[in-house]
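Reader: I am new to this structure. Please show me how to read its ligand shell and its annotated residues.

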Amino acid sequence: MIVFPNAKINIGLNIVEKREDGFHNIETIFYPIKINDALEVIESEQTQFFSEGKQIPGNVEDNICLKAYHLLKHDFKLPPVHIHLLKNIPIGAGLGGGSSDGAYLIKLLNSKFNLQLCSEKMESYARKLGSDCAFFIENNPVFAVGKGDQFIDLELDLSKYFLVLVKPSIHVSTADAYGGCKPHKPLYSLQMLVRNPVSEWKNLIVNDFEDSVFTKYPEIKILKESLYESGALYVSMSGSGSSVYAFFSHQVNLPLIEANHQVFYNV
Ligand SMILES: C[C@](O)(CO)[C@H](O)COP(=O)(O)OP(=O)(O)OC[C@H]1O[C@@H](n2ccc(N)nc2=O)[C@H](O)[C@@H]1O
Ligand SMILES: Nc1ncnc2c1ncn2[C@@H]1O[C@H](COP(=O)(O)OP(=O)(O)OP(=O)(O)O)[C@@H](O)[C@H]1O
């Protein structure tokens, strides 16, 4: 059985307060995008993880795919499996690629071995793997609160815009990025602002990670400015960075940006 875990972008990201468990309460909109990994599970003699494509930092045993398998194996009688991952989603980019692999593995094991888990139950397993993970179970646009793992439904269809994703060759650590931020109550309601046309979002829908990440990596700020100069209606860093996305009203080609960064068109 093979599935295609997709990436997400964050539209707005307010870091509201630090919690007693060390995490932060946030408000953000998760929006799925069309950049995908491929993930396959085959029954086998012993459990092993293999990956190709982009190099994943860290030890194989720490891969979120193995963690997801062992999480379910603890509660269900699962046979040993080979897990194959073709890694295409940029890593350390604020695109939730690892989280998506974990969530899609839960969904895959649920279908393949007929575990009969409902979405809420799969989300509760996913929350144990990471804050971003639960979103990818249903994978629909949502307004997220708490650690980014509690959801309020949202009607949001941005398919009429041309969405471009740019990945600079910078890896941002999510934990470091949270460490560099000062939480504060948001000035405006993100849930209300997002109902306006994309052309009205500039300077109102903000990502609280940008200040500190742009100070550390000024080239990401320059990239954001150059996307606005190329005619984008709205540009933002996604999550804790380093990737930056831009909504255009029409199809574009960005050869100058492509010269320095990886560019994904029409995601
Ligand atoms: C930046 C975002 O991608 C925005 O969607 C997420 O908040 C990050 O989610 P994630 O990568 O799944 O993060 P986790 O693996 O749960 O946590 C990584 C680290 O980020 C910090 N962290 C994460 C989520 C959160 N709400 N508050 C935090 O302070 C913690 O230091 C934690 O140790
Ligand atoms: N399957 C996986 N794919 C990518 N990274 C993984 C995976 N499993 C474990 N990791 C670890 O997770 C770290 C962060 O990966 P990921 O690409 O999800 O981060 P991110 O793009 O910053 O996403 P987020 O938006 O969740 O912060 C990597 O540096 C890697 O060590």
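Predicted model: local features only at pLDDT ≥ 70, side-chain atom pairs only at ≥ 80, totals over all residues.

Reader: How many residues surround ligand 1?

Author: A residue is near a molecule if its C-beta atom, placed from the backbone, lies within 6 Å of it. Here 19 residues surround ligand 1, and the closest are Phe23, Gly130, Ser131, Asp132 and Gly239.

Reader: Which domains supply the shell around ligand 1?

Author: Domain bounds come from an automatic or database domain assignment. Domain 1 (2-153) and domain 2 (162-264) each give at least three residues to the shell.

Reader: Which residues does the annotation "active site" cover?

Author: UniProt positions are given in the numbering used here, feature names are shortened, and annotations may be inferred rather than shown by experiment. The unreviewed UniProt entry marks Lys8 and Asp132. They are spread over 125 residues of sequence but cluster in space, with a largest C-alpha distance of 9.5 Å.

Reader: Is Lys8 buried or exposed?

Author: A residue is buried if 20 or more other C-beta atoms lie within 10 Å of its own, exposed if 12 or fewer, and partly exposed in between, with C-beta atoms placed from the backbone. Lys8 counts as buried because it has 27 C-beta neighbours inside 10 Å. Asp132 is buried too, with 28 other C-beta atoms within 10 Å.

Methods. Residues numbered from 1 in each chain as written. Chains lettered and ligands numbered in written order.
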